[in-house]
Amino acid sequence: TIAYLNGEFLPLSEAKISPMDRGFLFGDGIYEVIPSYAGKPVGLNGHLARMNDGLSAISITNPYSFEQWSDILTQLLRHNEARFPEGNIGIYFHISRGTDTKRYHAYPDNVSPTVFGFAFALPPAQPLSKDAVKPFKVALQEDKRWQRCHIKSTSLLGNVMHFQAGIDHGVNETILYNENKQVTEASSCNVFMVKDKVIYTPPLDNQLLPGITRSIAIEAFKRAELRVVENWFTTEDLLDADEVWLSSSSKELMPVVEVDGNTIADGNVGDMWEAAIKAYNAYKF
Ligand code: PDD
């Protein structure tokens, strides 16, 4: 595949960065994953705005304007579309603080950010029928990450360890809760639950990533007159829910039928999920 590195398009296998890059040494950077279907990105402005917020939060000057980012994305799609004939392409962008000559924790003065992008095969968009979707099973763990989960940092070891715990239990993902037993998010997704036809998702704060899929979905639900509430719920509420879903750029809305060995409701994908994915799909572009 063709990648982007610091102003150049080149084969991914030829993209090289220094081991002194702070992204490598410290995980000192910000990333984004932007989904696209048939050449059309989903939530591009939201992704670029969140990237900008993350860069500001860690005092990296955004090297490009929204227009320049959008142009790089378009070119990555164009360079790679022949390699992904199904037309579902994810674009990964990564901005690290840059390459220094020494390993020293403080932000260096005279480095310029390293900018990397590449295209990857995204799973197809979700089917719009509950009989066709392949639901997830998930594990449940106390969130052991840091207190700045709203920043889409490339320092993902905490997320990676939680995700791996799910894999080690033979499931697809791990839903996380805080010390008050409130569900926050999953290791690479946001979380929704349904109870008595009302959709709940945790409100935005430092404990979770402000997911772009989450925000598009909330708006889509409102337009489709599905009731949606941004409010905390506990692991007990989660296990007692009628439906549980995850959201992310690669999974859109993913139904969950088992949490920590407990079957959710009757163990089948629910009607609200089908209404929700239809609403999301109608609104996502
Ligand atoms: N994951 N929460 C976490 C911790 C995430 O890593 C992600 C995204 C989300 C969902 O955000 P969005 O809807 O903007 O994709 C929530 C990406 C896809 C990843 O790391 O691959």
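Modeller: Helices (H or I, at least four residues) and strands (E, at least two) are DSSP runs, numbered from the N terminus. This is a predicted model, in which local features need pLDDT of at least 70 and side-chain atom pairs count only at pLDDT 80 or more, while totals for chains, interfaces and linings use all residues. Residues are numbered from 1 along each chain as its sequence is written.

Biologist: OK, how many helices and strands are in the protein?

Modeller: The protein has seven helices and 15 strands. Its radius of gyration is 19 Å, close to the 19 Å that the globule rule gives for 285 residues, so the protein is as compact as a globular protein of that length; the radius is taken over C-alpha atoms, and the rule is 2.2 Å times the number of residues to the power 0.38. Along the principal axes, the C-alpha trace spans about 55 × 40 × 35 Å.

Biologist: And what percentage of the residues is buried?

Modeller: Buried residues account for 40% of the 285, where buried means 20 or more other C-beta atoms within 10 Å of the residue's own, exposed means 12 or fewer, and partly exposed lies in between, with C-beta atoms placed from the backbone.

Biologist: Which domains is the protein divided into?

Modeller: There is domain 1 (2–121) and domain 2 (136–283), with bounds from an automatic or database domain assignment. Their centres, taken over C-alpha atoms, are 26 Å apart, and 19 residues of domain 1 are in contact with eleven residues of domain 2, a contact being two C-beta atoms, placed from the backbone, within 7 Å.

Biologist: Which element gives the most to the domain 1 side?

Modeller: That is β3, with seven residues on the side of domain 1 that touches domain 2. By class, this side has seven nonpolar, ten polar and two charged residues; Ala, Val, Leu, Ile, Met, Phe, Trp, Tyr, Cys and Pro count as nonpolar, Asp, Glu, Lys and Arg as charged, and the others, Gly among them, as polar.

Biologist: Where does β3 sit in its sheet?

Modeller: It lies between β5 and β4 in an open, antiparallel sheet of six strands, ordered β2-β1-β6-β5-β3-β4, where two strands pair if DSSP finds at least two bridges between them. β2 (8–11) and β4 (40–41) stand at the edges with a single partner strand each, so one side of each has no neighbour in the sheet. Nine bridges join β3 to the antiparallel β5, and glycine 29 has serine 96 of β5 as its bridge partner.

Biologist: Changing topic, which residues come nearest the ligand?

Modeller: Of the 15 residues around the ligand, those are Leu209, Gly211, Ile212, Thr213 and Ser249, with a residue counted as near if its C-beta atom, placed from the backbone, lies within 6 Å. α5 gives the largest share of the shell, three residues, and by class the shell has four nonpolar, nine polar and two charged residues.

Biologist: Last one: what is the phi of glutamate 252, and what is the phi of aspartate 260?

Modeller: Most residues other than glycine have a negative phi. Glutamate 252, however, has a positive phi of about 50°, and aspartate 260 has a positive phi of about 55°. Glutamate 252 is in strand β14 (residues 252–259) and is buried, with 26 other C-beta atoms within 10 Å. Aspartate 260 is in the loop between β14 and β15 (262–263) and is partly exposed, with 16 other C-beta atoms within 10 Å.
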